[in-house]
Amino acid sequence: MRTLVARLDSDGDVLLAGPAIRAAAASGEVVLLCGPGGVRAAGLLPGVNRIVEWECPWIVYPAPEVRPIDIEAVVALVHGIRADVALVLTSFHQSPLPLALLLRLAGVPKVVARSTDYPGSLLDVRLTGDPDVPEAERALQVARAAGFELPPGDDGGLAVLDPPRAELVHEELSHPYVVVHPGATAPARTWSPDRWAKAVVALNAAGHRVVVTGGPAETGLTGHVAGACGTDLGGRTTFRELSGVLAGAEAVVVGNTGPAHLAVAVGTPVVSLFAPVVPAARWAPHGRHVLLGDQHAPCRDSRARNCPVPGHPCLDLVEPAEVVAAVAEVTR
């Protein structure tokens, strides 16, 4: 059995597909079709035999042009995979049907997805309804509808391949520390930079060593947030090395972004600065966490990338002292 699993958006989304992938892997080979924003996470997932990267024009942001030559190329690529079944994993606001059409053109004999729209002959197994459940469970339901089940002893939680030891990533990580990860691809889904910087000062005053993490494009942000009180690792770790840094932490303080799910996957509790632009019931960390932020703010369910309310009140009304208290709660 060869299963093609498609999850075409970001690292966090790909991590949340992990339980569904492990269920499919229990019955054979898994090829993961993912976008450029998810390929780093794809390389950390147990059960993936092969990764195929494709920049899907109706998923990635900013969107590339739709060019016939690109569509023909991906159809030919999928045809060459010779998959027996495809699982199309989408979020509640995405349609699986454009990709299902391409899979049909590529000759995939069985396509399974959740779709609120009538799929005609594009899907062999269609899940309907939109349950308000964690995204990882929602994806696992698609795998189960295809006939796959998690192997004995697998609890369905998030997981990644063994992370490197934190002290091998950076010498200053040999002592207890708390990670602060201030960045996010959508500014609406994280705290404002000055609030993060004040939280680092407050955590340091409470006796915590603080390590600030971020990608290569976020070094200005991480330097500002770390200030004189934190260790700035912005741009200094690969995604796999980041998993080791998070695994060695006592807690991770983070917005609604991929490293929140990566922290859960390595077993570290999370303090989540969670803006309600998407539902927490679906997207909050799928593990031990404390949720901060006004979940009934006017931006609720807007899916906004930039905060539509002046002052970003859903998160910026959270005080640094609340973060310190939340860290104390999850590290008891």
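Visitor: Hi! By class, what does the lining of the second largest cavity have?

Guide: The lining of the second largest cavity has 4 charged, 4 nonpolar and 1 polar residues. Ala, Val, Leu, Ile, Met, Phe, Trp, Tyr, Cys and Pro count as nonpolar, Asp, Glu, Lys and Arg as charged, and the others, Gly among them, as polar. A cavity is a set of points, on a 1 Å grid over the protein atoms alone, where a 1.4 Å probe fits but cannot get out; lining residues have an atom within 4 Å of a point. This is a predicted model, where local features need pLDDT of at least 70 and side-chain atom pairs pLDDT 80 or more, while totals for chains, interfaces and linings use all residues. Residues are numbered from 1 along each chain as its sequence is written, and side-chain values use heavy atoms, with hydrogens and water left out.

Visitor: Which residues line that second largest cavity?

Guide: Arg7, Val88, Leu89, Thr90, Arg114, Glu135, Arg138, Ala139 and Val142 do. About 60 Å³ of space lies inside the second largest cavity, a volume being the space filled by probe spheres set on the points, which are joined across faces, edges and corners.

Visitor: How many cavities of 30 Å³ or more are there in the whole structure?

Guide: A search finds 3 of them. The largest cavity has a volume of about 70 Å³, and of its 13 lining residues, Leu8, Ile59, Val88, Leu89 and Thr90 are the closest to its centre.

Visitor: And what volume does the largest pocket have?

Guide: About 1300 Å³. A pocket is an open set of points with protein on both sides within 12 Å along at least five of seven lines. The largest pocket is lined by 43 residues, with Asp9, Ser10, Asp13, Thr185 and Arg305 nearest its centre. By class, its lining has 15 nonpolar, 19 polar and 9 charged residues.

Visitor: Switching topic: how many aromatic pairs are there?

Guide: The count is 2. Rings of Phe, Tyr and Trp (its six-membered ring) pair if their centres lie within 6.5 Å; planes under 30 degrees apart are stacked, over 60 edge-to-face, the rest tilted. Trp54 and Trp58 are edge-to-face, 5.7 Å centre to centre with 80° between the planes. Trp191 and Trp196 are also edge-to-face, at 5.3 Å and 85°.

Visitor: Are Trp191 and Trp196 buried or exposed?

Guide: Both are buried, meaning under 20% relative accessible area, with exposed over 50% and partly exposed in between (1.4 Å probe, protein chains only). Trp54 is buried at 9%, whereas Trp58 is partly exposed at 32%.
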